[in-house]
Amino acid sequence: MAFLSDTLARVKPSATIAVTNKARELAAAGKDVIGLGAGEPDFDTPEHIRDAAKRAIDAGKTRYTAVDGIPELKAAICAKFLRENGLTYTPNQVTVGTGGKQILFNALIATLNKGDEVIIPAPYWVSYPDMVQLAGGTPVEVVATLENNFRITPEQLEAAITPKTKWLIFNSPSNPTGAGYSRAELKGLTDVLMRHPHVWVMSDDMYEHLVFDDFEFTTPAQVEPGLYDRTLTCNGVSKAYAMTGWRIGYAAGPVALIRAMGTIQSQSTSNTCSVSQWAALEALSGPQDFLADWRRVFQGRRDLVVSMLNKATGITCPKPEGAFYVYPDISGCIGKATPAGVVITNDEVFATALLEETGVAVVFGSAFGLSPNFRVSYATSDEVLRDACDRIQRFCASLV
């Protein structure tokens, strides 16, 4: 009898975490490495949020809380959804988890049975398909190509829906592409979903506040109120508030689903960190003015990286609407060889050779479901980004 569960055969380790760890190992060994793999803002958590956490510690708010969140934070989440998204929820429709990943995982574990299908637009965040498989479901990938600006069409969504479809996982702006759906584009998708009342929507809105130019963020239940009763609207404080390590995600949806997710959490992690919850309360309720400043910084970095990567031989890099990623196409590099004789047969070989020869760590596109591409996180300084893009340009120019 095998000791390890058969479940492990259905999943693979996170490629983004693997690349980040590899970059750290090389740097620790003295290598000159630039890590562009981690999806983590380089800003510090704002002072007023850190101060709220300190006050919570000093006040002794360090004990167990309700499994799915303190009442004060739930109330703040309800206020946030009404203020920013026009969505009305009550506290019993809200759950708080240990990061956005746990929120998604809880929902899938609570709802999926063997044979249930989950539609996942590709390119996708690396964890979506594996979480579906861990929950016993079947991921159904719908590929959005560069020609469609990494957005799926209503026709593609319609074609992917079957009687077994239970969820559509929707992410805009997207990790890894940064592509955002306009209100009109999202309305096209929600019109399809309205024709299929058995399909629920899991909207991952983690990059809501990281949008650029004149792009207007919208979320499915906001665009189509008819989907309200079968939508789980998910968000968190990790990206917008530079709180990745605080591990706070949240979601709102139908009471029965939220209760089921709470049951799962009660038998896994129980409540998330009490101090982090009080910090998240301040994040959602306190000053928001710094968000505009951060957006301007990220937009400048986006423009820098897009400009420089489009000057690299064999690379095409579209300009995304949000998040802090770009997803360049390397079709022009496939089939060429490095000076050391390594033939670039796919994007994983490209990323490996790039790291070994230049010290730039990126995540290969096949991990996200679309090749030949790679993902760059530009959540670092202009100086570092210029250096990294210079190295990528030189690497591409060296291919023959």
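**Close-up 1. Histidine 209 sits in the loop between strand 6 (200-204) and helix 8 (220-223).** Like every view here, this one comes from a predicted model. Is histidine 209 buried or exposed? With a relative accessible area of 16%, histidine 209 is buried, because the cut-off for that label is under 20%. Look for its partner, too: the side chain of histidine 209 makes a polar contact with the side chain of glutamate 84, at 3.2 Å. Leaving aside residues up to four places away in sequence, histidine 209 touches Glu84, Ala240, Tyr241, Leu291 and Arg295.

**Close-up 2. Helix 2 (residues 47-58) packs against helix 10 (residues 274-285).** Two packed helices are described by the angle between their axes and by how far apart those axes are. For this pair, the angle is about 140° and the axes lie 8 Å apart. That angle makes helix 2 oblique to helix 10; to count as roughly antiparallel, an angle has to be over 145 degrees. The crossing of the two helices is right-handed. Which residues make the contact? Helix 2 brings His48, Ile49, Ala52, Ala53, Arg55, Ala56 and Ile57, while helix 10 brings Val275, Trp278, Ala279, Glu282 and Ala283. Sorted by class, that gives 9 nonpolar, 1 polar and 2 charged residues.

Close-up 3. Proline 123 is in the loop between strand 3 (117-122) and helix 5 (127-134). You'll find proline 173 in the loop that links strand 5 (165-171) and helix 7 (183-194).

Close-up 4. Most residues other than glycine have a negative phi. Arginine 247 counts as partly exposed, at 32% relative accessibility. Where is serine 270? Look in the loop between helix 9 (255-266) and helix 10. Serine 270 has a relative accessible area of 23%, so it is partly exposed.

Note on methods. Residues are numbered from 1 along each chain as its sequence is written. This is a predicted model: local features need pLDDT of at least 70, side-chain atom pairs count only at pLDDT 80 or more; totals for chains, interfaces and linings use all residues. Side-chain values use heavy atoms; hydrogens and water are left out. Axes are lines fitted to C-alpha atoms, for helices over the stretch in contact, and angles run from 0 to 180 degrees between N-to-C directions. Helices (H or I, at least four residues) and strands (E, at least two) are DSSP runs, numbered from the N terminus. Angles under 35 degrees count as roughly parallel, over 145 as roughly antiparallel, 65 to 115 as roughly perpendicular and the rest as oblique. A crossing is left-handed if the near helix is turned anticlockwise from the far one by less than a right angle, and right-handed if clockwise. Contact means heavy atoms within 4.5 Å. Ala, Val, Leu, Ile, Met, Phe, Trp, Tyr, Cys and Pro count as nonpolar, Asp, Glu, Lys and Arg as charged, and the others, Gly among them, as polar. Buried means under 20% relative accessible area, exposed over 50%, partly exposed in between (1.4 Å probe, protein chains only). A polar contact is a pair of N or O atoms within 3.5 Å; within protein, one must be able to donate a hydrogen and the other to accept it, and residues adjacent in sequence count only if both atoms are side-chain atoms.
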